[in-house]
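Good morning, everyone. Please look at the screen while I bring up today's model.

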Amino acid sequence: MKFMKLGSKPDSFQTDGDNIRYVATELATDIVVNVGSVKFYLHKFPLLSKSAQLQKLVSNTNEESSDEINVHDIPGGPAAFEICTKFCYGMTVTLNAYNVVAARCAAEYLEMYETVEKGNLIYKIEVFLNSSIFRSWKDSIIVLQTTKSLFPWSEELKVVSHCLDSIASKASIDTSKVDWSYTYNRKKLPSENGNDPLWNGVRKLQMVPKDWWVEDLSELQLDLYKRVLTTVKAKDKISADVIGEALHAYALRRLPGFSKGIIQGGDILKCRSVVETIVQLLPVEKRSVPCTFLLKLLKAAISLECGEDERHELMRRISQQLEEATVADLLIRTPAEETTIYDVDVVQNLVEEFVTQERTARTDPHLETEFQEIRSPRFVSDASKVAVAKLVDGYLAEISRDPNLPLSKFINLAEMVSGFSRPSHDGIYRAIDTYLKEHPGISKSERKKICRLMDCRKLSADACMHAVQNERLPLRVVVQVLFFEQVRSTTSAGNSTPELPGSIRALLPASHGSSRSTTTNTEEDWDAIPTAEEIKAIKGELASLRLGNADNGVGSNRISTAVAKSNEEKVAASKPKGVLMSKRIFSKLWSSKDRSGENSSSETSESPASTNAEETKSTPSRSGRHSAS
């Protein structure tokens with residue numbers, strides 16, 4: 001820390017209790033100066049020789065025949081006045097970053113100008129500030145912190161503006177020129193650890209990280225921090241990602257529990273101001289701030305009841321990079337009085353904003369201004385859409401464990417990303433299965449609705465293995481899974497899927513993303529939950545009804561083989577009711593396969609309601625299955 005010593009005489013100031021200061025000298029004091037609750041017993045001559053203000057005050061007291069004057073409103077109080085007084089006496093006094101601003105403001109109040117005496121206190125302090133304090137990184141920060149208690153004097157004397165410029169200039173300097181000490185206990189940016197995708201394998205000898213300054217500035221109070229960062233951004237020499245790192249560091253420093261995504265304790269009003277200020281300071285460049293940080297800010301904004309503008313801005317920014325989020329980031333808890341565990345509405349709004357952004361990019365590819373290019377992305381990549389769809393699938397799987405989660409919220413959120421084509425539907429299947437497991441009491445029609453969200457053709461082999469043994473799924477879905485796995489097996493050596501008979505087509509899912517609002521449940525047994533015997537029987541039937549030649553492809557289908565081995569003895573040993581039912585069903589299905597004009601693409605979107613009357617009539621009901629003997 002820089003310091004400056006003034007005067008050469010020994011310090012002869014003495015104290016008598018807490019409220020009396022006097023100079024120990026042979027000469028009797030002839031004036032009493034009251035500063036707040038403290039009395040200073042002093043001599044007129046040294047004071048008046050350097051202070052124009054004291055000259056005026058003393059002249060007034062002479063007219064009133066009084067030896068006391070009051071300077072209660074002097075900035076810095078008794079401590080600052082004592083520094084000025086010692087300077088007048090020529091006593092040794094030390095100025096440093098902690099007391100120099102108070103001394104400067106007090107000297108201004110006392111009018112200790114060069115016109116009163118050459119080499120006066122104001123001149124000497126200005127020299128010290130410009131030659132030492134403002135050239136020091138940490139001293140500039142300390143001085144800035146002390147200015148807060150000295151407003152408006154420190155502002156009017158331009159001490160604050162000089163501090164801001166000094167700090168911002170140093171933060172913006174090339175890191176190779178940083179030769180002063182700073183506080184740094186954080187991880188370096190990826191580009192400085194050799195993890196930058198543009199890093200060519202030659203490690204740069206860069207000892208000072210780009211964000212070397214962020215921790216020291218985190219010690220500033222909110223209003224000063226805002227002014228410093230605004231000045232730093234105005235210089236336009238620091239990249240947006242470093243500004244983002246600075247805001248992240250400040251949030252960790254000023255918001256208790258922020259790292260865990262929950263604000264714990266602290267002054268609610270102060271924390272709210274911190275969050276709102278950080279949102280206002282976020283750089284406009286897309287992806288300059290990690291999505292995880294933005295989501296933590298959103299959680300804090302919700303829990304602290306920040307303004308609508310701040311929350312809307314956060315949601316807009318998050319939606320622009322939603323594919324970067326994780327499921328844990330999206331798990332925003334609701335208040336204790338709510339019935340559900342997580343705030344699904346917030347996530348739904350985020351996804352809706354993302355979808356709207358994607359639609360806007362498709363319908364309006366030509367953005368008019370450069371500002372729009374920054375605020376709104378020109379397009380949404382297919383990879384981003386797939387990533388968001390997978391993210392929603394994972395989120396649905398987590399919130400499905402909530403026993404109070406309404407089915408409508410589940411379906412609405414899933415349908416928002418149904419138009420985003422993704423190679424696998426394992427994620428949505430897992431979410432559906434979890435929901436069915438945690439909500440066993442939902443109706444048959446509700447099971448039908450939720451199962452429409454997945455495309456059985458896009459389930460992996462492992463997911464199919466699980467699905468065909470899943471007693472929570474409607475029978476229709478189990479048959480679809482088995483059928484498409486058989487089709488996949490028989491066409492593994494070809495390039496196309498064989499056309500399907502109309503009877504099977506009636507069981508297949510609608511085209512991806514369709515609402516199928518006109519579907520009527522004319523085959524209730526297909527939508528019922530199958531019994532274990534029925535599942536085993538159907539698996540046995542499909543295992544025996546091999547599609548194509550047994551030797552056509554590269555190896556047998558995993559499910560067919562597994563089913564054949566696991567059910568061969570069971571099916572042969574006894575014929576449960578389900579077997580009789582399934583034989584009738586599959587004889588019906590496969591007999592129609594050879595009918596001319598019945599074949600259609602496996603990608604059809606025809607609903608079960610489109611099945612002809614004869615097929616509907618010939619399909620046994622669930623009660624009929626159980627009554628068969």
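This is a predicted model: local features need pLDDT of at least 70, side-chain atom pairs count only at pLDDT 80 or more; totals for chains, interfaces and linings use all residues.

Start with helix 18, residues 382-399, and helix 19, residues 407-416. Their axes come within 9 Å. They cross at roughly 170°. How do we describe helix 18 and helix 19: roughly parallel or roughly antiparallel? Angles over 145 degrees count as roughly antiparallel. Helix 18 and helix 19 are therefore roughly antiparallel to each other. Now the residues that touch. Helix 18 brings Val392, Tyr395 and Leu396. Helix 19 brings Phe410, Leu413 and Ala414. By class, this contact has six nonpolar residues, no polar and no charged.

Now a quick look at the whole chain. There are 629 residues, and 50% of them are buried. The chain has 30 helices and seven strands. Its accessible surface comes to about 30,600 Å². Carbon and sulfur atoms own 50% of that surface. Next, contacts.

Helix 3 covers residues 77-89, and helix 4 covers residues 100-109. Their axes are 9 Å apart, and the angle is about 70°. Between 65 and 115 degrees, we say roughly perpendicular. That is why helix 3 and helix 4 are called roughly perpendicular to each other. Which residues make the contact? From helix 3, Ala80, Ile83 and Cys84. From helix 4, Ala102, Ala103, Ala106 and Ala107. The contact of helix 3 with helix 4 counts seven nonpolar residues, with no polar and no charged ones.

The next pair is helix 8, residues 159-171, with helix 10, residues 222-235. Here the axes are 9 Å apart, and the packing angle is about 55°. Helix 8 and helix 10 are therefore oblique to each other. Their crossing is right-handed. Helix 8 puts in Val160, Leu164, Asp165, Ile167, Ala168, Ser169 and Ala171. Helix 10 answers with Arg227, Val228, Thr231, Val232 and Lys235. What classes of residue are in the contact of helix 8 with helix 10? Seven are nonpolar, two polar and three charged.

Now some backbone details. Here is some background. Most residues other than glycine have a negative phi, and most peptide bonds are trans. Look for the exceptions.

Go to Phe151 and Pro152. A cis peptide bond joins Phe151 and Pro152, with omega at about 5°. Where is Pro152? Pro152 sits in the loop between helix 6, residues 137-147, and helix 7, residues 153-156.

Next, Lys158. Lys158 is not a glycine, yet its phi is positive, about 65°. You will find Lys158 in the loop between helix 7 and helix 8.

Arg287 also belongs on the list. Phi of Arg287 is positive, near 65°, and this residue is not a glycine either. Arg287 lies in the loop between helix 12, residues 268-281, and helix 13, residues 291-303. Arg287 is partly exposed, because its relative accessible area is 37%.

Two more residues, and then I'm done. Find Thr61 in helix 2, residues 52-63. Is Thr61 buried or exposed? Buried means under 20% relative accessible area. Thr61 has 6%, so Thr61 is buried. What does Thr61 touch? Leave out residues up to four places away in sequence. Then Thr61 touches Ser66, Glu68 and Ile69. Ile31 is 30 residues from Thr61 in sequence. In space, C-alpha to C-alpha, Thr61 and Ile31 are 9.8 Å apart.

Last, Ser8. Ser8 is in the loop between strand 1, residues 3-6, and strand 2, residues 13-15. The cut-off for exposed is over 50%. Ser8 has a relative accessible area of 68%, so Ser8 is exposed. Ser8 still has contacts. Beyond residues up to four places away in sequence, Ser8 touches Gly90, Met91 and Thr92. Now compare sequence and space for Ser8 and Tyr89. Ser8 and Tyr89 are 81 residues apart in sequence. Their C-alpha atoms are 9.7 Å apart.

How values were computed:
Residues are numbered from 1 along each chain as its sequence is written. Side-chain values use heavy atoms; hydrogens and water are left out. Axes are lines fitted to C-alpha atoms, for helices over the stretch in contact, and angles run from 0 to 180 degrees between N-to-C directions. Helices (H or I, at least four residues) and strands (E, at least two) are DSSP runs, numbered from the N terminus. Angles under 35 degrees count as roughly parallel, over 145 as roughly antiparallel, 65 to 115 as roughly perpendicular and the rest as oblique. A crossing is left-handed if the near helix is turned anticlockwise from the far one by less than a right angle, and right-handed if clockwise. Contact means heavy atoms within 4.5 Å. Ala, Val, Leu, Ile, Met, Phe, Trp, Tyr, Cys and Pro count as nonpolar, Asp, Glu, Lys and Arg as charged, and the others, Gly among them, as polar. Buried means under 20% relative accessible area, exposed over 50%, partly exposed in between (1.4 Å probe, protein chains only). Accessible areas come from the Shrake-Rupley method with a 1.4 Å probe; for residues, only the protein chains shown count as cover.
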